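Hello,

Here is the structure we talked about handing over.

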Amino acid sequence: MISCRRAAELTSLQLDTDLGVHQKLALGFHRAVCGPCRRFANQMREVDDATGKFLTGESPAHDEPMPEEMRLRIQSMLNSANQAK
Amino acid sequence: MRRNLAPTEPEAFEPSLWLEQHGDSLYRYAINKVRRPEIAEDLVQETLLAAWKGRERFHKRSQVRTWLVAILKRKVIDWLRSHIREQKHTIKLEDSWLNDQFTSLGKWREKPTEWSPQSPEAEVHREEFWQVLYGCLGKLPPRLRDVFSLRQLDEKSSEEVCQELGISASNLWVMLHRSRMRLWRCLNVNWYNNPDISTEKEPS
């Protein structure tokens, strides 16, 4: 039987691609008898979903506004571009 | 007070106005992905310029912010891709952090335990959860974080991503696995706060 370490690798791989028949069987058999790895698979899916939502959304975590100096620099660049058109 | 102009009004196409109305959102979007303020600044600036140049293609039924974010997203993906390519180096075969998670026989050193019902989906916890997740992403080694962010953002297949980055599929998967394991462990400790050891029997 594959180890928990290998099962964790396959669990992660499954989030990116379809597993081969042997990999699927090995993982399925391992999970059937390993509670921690079944739990890990569910938690890994949660982590992947959450990071997917976080990274693809307008991400509310970093709630600091744009620094004022940065805004002024961008404004100044836009003004230059406007004059150059 | 900031004005909310309809995109059909001529002033709505002024990049300065976009900066005023959407600058904070664009900056937050970029900094969460690239985590380097100077790069986020460049990307926001390029986005406003690109939007200005391409304003003819703006669909009047769309929201200006949605349109700007879509442009910025492409710029973030392009930056991540070229940065990863530039930083290309061989991936370490050994990952001592990952090795420490398992015994020499490949069993969990600390088995995954139940996560408490403090679901990140619940409104009351969501914002706090994002903060914790942002912190966990920040703890990833930069290269792993960049690859992981690109994989999440880019809707292309793994094969296409590998081609663009010039890396093998197995290298990509190793990096994604290392990232996920670290994120999982970090959330386990910092969000679910559940260090107790499971008493379930290990498979033989």
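A definition first: a crossing counts as right-handed if the near helix is turned clockwise from the far one by less than a right angle, and as left-handed if the turn is anticlockwise. By that rule, helix 1 of chain B passes helix 2 of chain B in a right-handed crossing. Please keep in mind that this is a predicted model.

**Chain B and its helix pair**

Chain B has 8 helices and 0 strands. Along the sequence the pattern reads α-α-α-α-α-α-α-α. Chain B has 204 residues, and 52% of them count as buried.

Back to the crossing pair. Two packed helices are described by the angle between their axes and the distance between the axes. Helix 1 (residues 15-34) and helix 2 (residues 37-53) of chain B pack at about 135°, and their axes are 9 Å apart. Helix 1 of chain B is therefore oblique to helix 2 of chain B. The cut-off matters here: an angle has to be over 145 degrees to count as roughly antiparallel.

The loop between these two helices holds Arg35(B). Most residues other than glycine have a negative phi. Arg35(B) has a positive phi, near 60°.

**Salt bridges between the chains**

Over all chains, the structure holds 16 salt bridges. Which residues of chain B form salt bridges with Asp16(A)? One is Arg151(B), with the closest N and O atoms 3.5 Å apart. This pair crosses between chains: Arg151(B) sits in helix 6 (residues 142-153) of chain B, and Asp16(A) in the loop between helix 1 (4-14) and helix 2 (21-33) of chain A. Another is Arg180(B), where the closest N and O atoms are 3.1 Å apart. Arg180(B) belongs to helix 8 (residues 169-190) of chain B and Asp16(A) to the loop between helix 1 and helix 2 of chain A, so this pair joins two chains.

Are Asp16(A) and Arg180(B) buried or exposed? Both are buried. Asp16(A) has a relative accessible area of 13%, and buried means under 20%, so Asp16(A) falls in that class. Arg151(B) counts as buried too, because its relative accessibility is 16%.

**Salt bridges within chain B**

Glu110(B) and Arg185(B) meet in a salt bridge through their side chains, at 3.8 Å from N to O. Glu110(B) lies in the loop between helix 4 (96-100) and helix 5 (123-139) of chain B, and Arg185(B) in helix 8 of chain B, so the pair ties together parts that are 75 residues apart in sequence. Arg185(B) is buried, at 11% relative accessible area. Glu110(B) is partly exposed, at 28%.

There is also a network. Asp78(B), Arg81(B), Asp154(B), Lys156(B) and Glu164(B) are joined into one by salt bridges that share partners.

**The loop between helix 4 and helix 5 of chain B**

Glu110(B) comes up again here. Its C-alpha atom is separated by 20 Å from that of Glu94(B), 16 residues away along the chain. Ser116(B) lies in the loop between helix 4 and helix 5 of chain B. Ser116(B) counts as partly exposed, at 28% relative accessibility. How far apart are the C-alpha atoms of Ser116(B) and Trp191(B)? They are separated by 9.2 Å, while the two residues are 75 residues apart along the chain.

**Chain A**

Met1(A), Phe29(A) and Val33(A) make a nonpolar surface patch of about 310 Å². Val33(A) is in helix 2 of chain A. Its relative accessible area is 41%, and Val33(A) is partly exposed. Patches take residues with over 30% relative accessible area, so Val33(A) at 41% passes that cut-off.

Lys53(A) is found in helix 3 (residues 35-56) of chain A. Lys53(A) is partly exposed, with a relative accessible area of 45%. From Lys53(A) to Gly28(A) is 28 Å in space, C-alpha to C-alpha, and 25 residues in sequence.

That is what I have for now.

Best wishes

Definitions and conventions. Residues are numbered from 1 along each chain as its sequence is written. Chains are lettered from A and ligands numbered from 1 in the order in which they are written. This is a predicted model: local features need pLDDT of at least 70, side-chain atom pairs count only at pLDDT 80 or more; totals for chains, interfaces and linings use all residues. Side-chain values use heavy atoms; hydrogens and water are left out. A salt bridge is a side-chain nitrogen of Lys or Arg within 4 Å of a carboxyl oxygen of Asp or Glu. Helices (H or I, at least four residues) and strands (E, at least two) are DSSP runs, numbered from the N terminus. Buried means under 20% relative accessible area, exposed over 50%, partly exposed in between (1.4 Å probe, protein chains only). Patches are made of residues with over 30% relative accessible area and no salt bridge: like charges are joined within 9 Å, nonpolar side chains (Val, Leu, Ile, Met, Phe, Trp, Tyr) within 5 Å. Accessible areas come from the Shrake-Rupley method with a 1.4 Å probe; for residues, only the protein chains shown count as cover. Axes are lines fitted to C-alpha atoms, for helices over the stretch in contact, and angles run from 0 to 180 degrees between N-to-C directions. Angles under 35 degrees count as roughly parallel, over 145 as roughly antiparallel, 65 to 115 as roughly perpendicular and the rest as oblique.
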